[in-house]
Amino acid sequence: VIYILVVVPACGRALKPGSVILTVTKLPCTMAPNSIHWFRKGLRLHDNPALLEAVKGAGTVRCVYFLDPWFAGSSNLGVNRWRFLLQCLEDLDANLRKLNSRLFVVRGQPANVFPRLFKEWKVSRLTFEYDSEPFGKERDAAIKKLAKEAGVEVIVKTSHTLYDLDQVIELNGGQPPLTYKRFQTLISRMDPPELPVDTLSGGLMGRCVTPVGDDHGEKYGVPSLEELGFDTEGLPSAVWPGGETEALTRIERHLERKAWVANFERPRMNANSLLASPTGLSPYLRFGCLSCRLFYFKLTDLYRKVKKNSHPPLSLYGQLLWREFFYTAATTNPRFDKMEGNPICVRIPWDRNPEALAKWAEAKTGFPWIDAIMTQLRQEGWIHHLARHAVACFLTRGDLWISWEEGMKVFEELLLDADWSVNAGSWMWLSCSSFFQQFFHCYCPVGFGRRTDPNGDFIRRYLPILRGFPAKYIYDPWNAPESVQAAAKCVIGVHYPKPMVNHAESSRLNIERMKQIYQQLSRYRGLVPSTNGNGTGGMMFYSPGEQQPGHNQPTHGEPPTPPPPHLIVQRSSVASDPATTCLLPASSVGGSGHQW
Amino acid sequence: MCRGIEKQWEEEEVGVDWGRMPQEILLHIFQYLPLLDRAHASLVSRGWNQVFHMPELWRCFEFELNQPASSYLKATHPDLIKQIIKKHSNHLQYVSFKVDSSTESAGAACDILSQLVNCSLKTLGLISTARPSFMELPKSHFTSALTVVFVNSKSLSSLKIDDTPVDDPSLKVLVANNSDTLKLLKMSSCPHVSPAGILCVADQCHGLRELALNYHLLSDDLLLSLSSEKHVHLEHLRIDVVSDNPGQHFHAIKKSSWDAMVKHSPKFNLVMYFFLYEDEFGPFFKDEIPVTHLYFGRSVSKDVLGRVGLHCPRLVELVVCANGLRPLDEELIRIARRCTQLSAIGLGECEVSCSAFVEFVKMCGRRLSQLSIMEEVLIPDHRYGLDDIHWEVSKHLGRVWFPDMMPCW
């Protein structure tokens, strides 16, 4: 607050001309603020409204990113994730240099360091992009409190998601939608996403400057992988180079290719789809090197141009909307990544089996299709989404019956585009632990790969030991005659593991387990069996569009609103074995009080 | 009873004396409580404790046997188990065991079973919740525990022993003691049982209404036995056809045996789960077969699906996990035409042209109550694209329908 003297000419008043009135007025400080823009995700200068708020009318701006080297070394995240991040930070720094600014990579934790920075840099404004994840919201609430205590204004802007997720939830009666179809319905009723804002430029910065010390490199420079404790000897170059610059190049290529594939049809899956594509965008969306809104609008523009049609279908934005769906489902659920205590997750009696888990994680299952995918994942940090389905199914409900939480942790370590919400949500989906979908379909670890890439080139590429096998046997080399194995210089059980399970037997067992669980759930919930008259022994489950008689009739195929927390939402098949129905009277709730 | 209480209230002019609540009411209330809450309630007073131990509350019990090293879930407390065996084993009627993948858990289940000497069970279920740990026990250990129950119960009605090392001699004991009462027997994947063993059950247990077993146990004799005059109408027969080795040969069942079944039990459901390699389907679907629920867990060829259309007139539900990348247009249309009872279908990794799919749905019409098609199955053609096919299908189904979607991020 400052006081200023205002001199007002005394004209038109009952005073002698020429006299003045002195008044004293309190005004808020109008000195240009010192801003901090806090990068977490949103590692870009384009479409970054919070960043623009930082520089608007500011005297100085410093863009910070917090990195705790100790945390990095002990974290679960693999080298590809760290490298990608560091490349993003390098890119940010390089682009900021073009604007006479720099990136400040601050070592430490935000809660510990911010108070010092607020003082040292005389900060009065803090900006950052909204983080919808529960952990992020909690962290940000704490920082906001710190900022308030230090008299720092906090400005938060949404730009990591297309929509305001709380609005979506509100539109759905206060609960996040649990089917993708429902989610699509809701957003089709909302206003379209906001347009991307301008890229930070010299013009937008105006008079705002960034004071850079001589010791900036030492103090605030982007660390190297070695500094974080990684051994980089022999590390192959990144298949997915990080950074905004790379992202923006890719999106142009991506759109060119889309326009080529006239009509925007869903591309048929083939062997090539499995390989990393120079137009792939998912890691860049995850880190925020690429604005999802920019992608959205570029897709829209391109569609309108090519199809001369101004109403693109929602399927055009599939990739973006799935991401948005999982963000929405997770934002109000701190236990979204757990089975226990997670209101939307079915409690399934997964097997605890560290050896089996390790085999899967380390690509030693003995199923070349699975092992090749996991090898690609570890080496490069990305796998095709159908490959994800295959390995996730294999780990959980298909073959190994291991908890999806374990798989999620491995993906968190290795997969570049897996952030908390999307990773957990996808794993729950793929393990049939949530989201109302069917589980009858099990991806065969032999057949699925064979149908996708009949020649087996993908296998040969990532599992060179199997190169000598002909296409006929490369997916199930254990069935190859000894002579073939010898010719391939690879004896199964010696040079490459035997298959760790018998898929037919495992899938039979597991499908039975799943059925039992869902039947138990439906009985527990007291759901009325269908009146089809065929209620025996089948596999079918109600798809989300179905409606059970006697329940609230939802609109647009949306299942009834989820029940209160600790009860599970799923509805199971009507076509249940009467065998199981006869087995225990419906009122049985014995045992240690478990739900099932 | 209630009026009695009212009067009591009037007389005492104070609040209800919970300690003097009639036992029948407490029992009724306790039946709604989960076990843990009931146990807490039992500590309130002697009276409540008595109710907690009334036989009616101990008719059903599910033993959950888990080890921390192999499961994330809690187990039934060992003290509780001891108490049940001591105080309530003669009350137990409907019992199931849920065991995790550790051999200890399966062993613990057998120990409990061996102690149920005063028990007259009506229902027994042995359920492996992960890997089939009962199979890892020494066979004799398992069968001797099981026969304790068979011998003592004498009125077993439902028995679920899938994935266990049960054998022919144990089944003989079962039959010797429970042939009049046995209605349901689920024993899929019991490799130590032979066709003769199961035939013995069918011959003696004339009340058997539901049976689940693996294909290798199925024989013409078995079907004829189940259709004999003495036998009740069978309601449900489930058969798992599982390949242990590629190129495995499966025996054929005569059409006449199936015909006898249908004649004897016209409404019975025949549920078949196939887990075979594509080239192992030789003996199947060559003749008419009364299957009602058909599940193909692995890839199945166009040819076989064509045969299904020809030979499965009673088909109600069909699930195809995978087929391959040649459109199943003709096969689906034929199924729509000839399987007039079909009301549920699920397609996984298959391909069907949108036009053929619409035709299929049109032919089936509103009898299709369950239609679960993965999005990738539908191939757009000149008439329908992916964005409009769901309208057409919804129209013919009479309700809103969308294909199943999988995340693609």
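Six salt bridges cross the interface of chain B and chain A, a salt bridge being a side-chain nitrogen of Lys or Arg within 4 Å of a carboxyl oxygen of Asp or Glu. This is a predicted model, in which local features need pLDDT of at least 70 and side-chain atom pairs count only at pLDDT 80 or more, while totals for chains, interfaces and linings use all residues. Residues are numbered from 1 along each chain as its sequence is written, chains are lettered from A in the order in which they are written, and side-chain values use heavy atoms, with hydrogens and water left out.

**Interface of chain B and chain A**

- One salt bridge joins Glu512(A) to Arg238(B), with the closest N and O atoms 2.9 Å apart.
- On the side of chain B that touches chain A, 46 residues are nonpolar, 24 polar and 22 charged; Ala, Val, Leu, Ile, Met, Phe, Trp, Tyr, Cys and Pro count as nonpolar, Asp, Glu, Lys and Arg as charged, and the others, Gly among them, as polar.
- Chain B contributes 92 residues to the contact and chain A 83 residues, where contact means heavy atoms within 4.5 Å.
- About 7600 Å² is buried between the two chains, and carbon and sulfur atoms give 56% of this area; buried area is the accessible area (1.4 Å probe) lost on being put together, summed over both parts.

**Strands β6 and β7 of chain A**

- Strand β6(A) (residues 125-129) pairs with strand β7(A) (residues 153-157) in the parallel sense over five bridges; pairing requires at least two DSSP bridges.
- Thr127(A) is opposite Ile155(A) of β7(A).

**Salt bridges elsewhere**

- Over all chains, the whole structure has 40 salt bridges.
- Glu246(A) and Arg250(A) form a salt bridge, their closest N and O atoms being 2.9 Å apart.
- Both Glu246(A) and Arg250(A) belong to helix α10(A) (residues 244-260), four residues apart, or about one turn of the helix; helices are DSSP runs (H or I) of at least four residues, and strands are runs (E) of at least two.
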